[in-house]
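Let's take a walk through a protein together, one stop at a time. Have a look at the picture first, and then read on.

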Amino acid sequence: MGSGEEDTGGGGGAVRGAVLKALVVVGGVLLLRRLRRSTTRWDHARAVADALSGEKFSREQARKDPDNFFNLRMLTCPATEMVDGSRVLYFEQAFWRSPEKPFRQRFYRVKPCLKEMKCDVENTIESAKTSRTPFTDWISRTSWLSSYAIRDAEEYKNFCDRQKDQRPQPEEVIADIAEHLTTIYLSRCGRGKRCLYEGSTPPEGFPNNWSGASYCTSDLSIHKNGEVHIWDKGFDDEGNQVWGTKVGPYEFKPAPKSKYDDMFSPLNFSAPWSLEKKLDKAYVIDDQ
């Protein structure tokens, strides 16, 4: 009798063990499916839009290398959402000392790329990159991001700094989206990299006639710590770089908690006109 009870108990324990193992396996499969579902094409688009948004500065670069970089403010915020679910962001850049006078204003439209393209995000941004990789190979491993001119840019100055009821409303934003300027193709960064997404314009870049250029290119990377790196360059017909930094991308880092940390830094006082003129070859102020 005793031995029979022991056998029964042992069998029950084996059954319970098998049931627990089955539950663990099923639970693991369900969790894996849920994790896979959590990263959809639209999740990538939202992640890119969120990462681009906010106030960021190139302050550290300007401190370390003032000959090649200026202390610029990059400000981006949501402007509206299209009927297809894509997000429209307003973007502007200005010198730190005069944020109320942006020298560059754009609309960014962020959306997933087509399923058949096997990429993460479709997004159009204003600049481009000099990649000479064959386009067919290059496109298969990237996603997209797009930028547009604004019909009346003056109406949108300091858009993100205003109260929502003092901004152009969503229907006005859609009506004010002007000509398409450039498209950058974004993909997820590989393991071990600091970035989340990275990409560039097509190898041939986009038409641009500012300051002697015939086309422009741009590299863009979005980092895990909130940084956004942008490298815009202009080239003439012979392929000579005529504007943009030559030493690397601008590195825009999220704004610190207090803007008063550098109030008395020399970088934040008005520079002489000669320094302003240097910008012609270091950064684009009013590209066409």
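Predicted model: local features only at pLDDT ≥ 70, side-chain atom pairs only at ≥ 80, totals over all residues.

Our first stop is helix 2, which covers residues 41-52 and so has 12 residues. From its first C-alpha to its last it reaches 17 Å, close to the 16 Å expected at 1.5 Å a residue. Which of its residues are buried? They are His44, Ala45, Val48, Ala49, Ala51 and Leu52. Seen down the axis of helix 2, these buried residues fall within an arc of 165°, so they line one face of the helix. After helix 2 comes Gly54, with a positive phi near 115°.

Next, let's turn to charges. Side chains of opposite charge can pair when their charged atoms come close. How many salt bridges does a search of the whole structure find? It finds 13. One of them joins Asp161 to Arg73, with the closest N and O atoms 3.2 Å apart. This pair links distant parts of the chain, since Asp161 sits in the loop between strand 6 and helix 5 while Arg73 belongs to strand 2 (residues 72-81), 88 residues apart. Arg73 counts as buried because its relative accessibility is 5%, whereas Asp161, at 45%, is partly exposed.

Another salt bridge brings together the side chains of Glu154 and Lys157, at 3.4 Å from N to O. Glu154 is exposed, with a relative accessible area of 54%, and Lys157 is partly exposed at 24%. Glu198 and Lys193 also meet in a salt bridge, at 2.7 Å. Elsewhere, salt bridges that share partners join Glu55, Arg73, Glu92 and Asp161 into one network.

Now for the two arginines. Arg109 lies in strand 4 (residues 104-111) and counts as partly exposed, at 21% relative accessibility. Its side chain makes a polar contact with the side chain of Asp84, at 2.8 Å. Arg109 and Tyr148 are 39 residues apart in sequence, yet their C-alpha atoms are 7.9 Å apart in space.

Arg167 is found in the loop between strand 6 (145-150) and helix 5 (170-175). Arg167 is buried yet has no salt bridge, and the nearest side chain of opposite charge, Asp161, is 7.5 Å away. What does the side chain of Arg167 reach at 2.9 Å? It reaches the backbone oxygen of Phe159. Not counting residues up to four places away in sequence, Arg167 touches Pro78, Phe159, Cys160 and Arg162.

Terms used: Residues numbered from 1 in each chain as written. Heavy atoms only, no water. Helix = DSSP H or I, 4+ residues; strand = E, 2+ residues; numbered from the N terminus. Buried < 20%, exposed > 50% of the residue type's maximum accessible area, 1.4 Å probe, protein only. Lys, Arg positive; Asp, Glu negative; His and termini not counted. Salt bridge = Lys/Arg side-chain N within 4 Å of Asp/Glu carboxyl O. Polar contact = N/O pair within 3.5 Å; in protein donor to acceptor, adjacent residues only side chain to side chain. Contact = heavy atoms within 4.5 Å. Expected span 1.5 Å × (residues − 1). Arc of directions from axis to C-beta.
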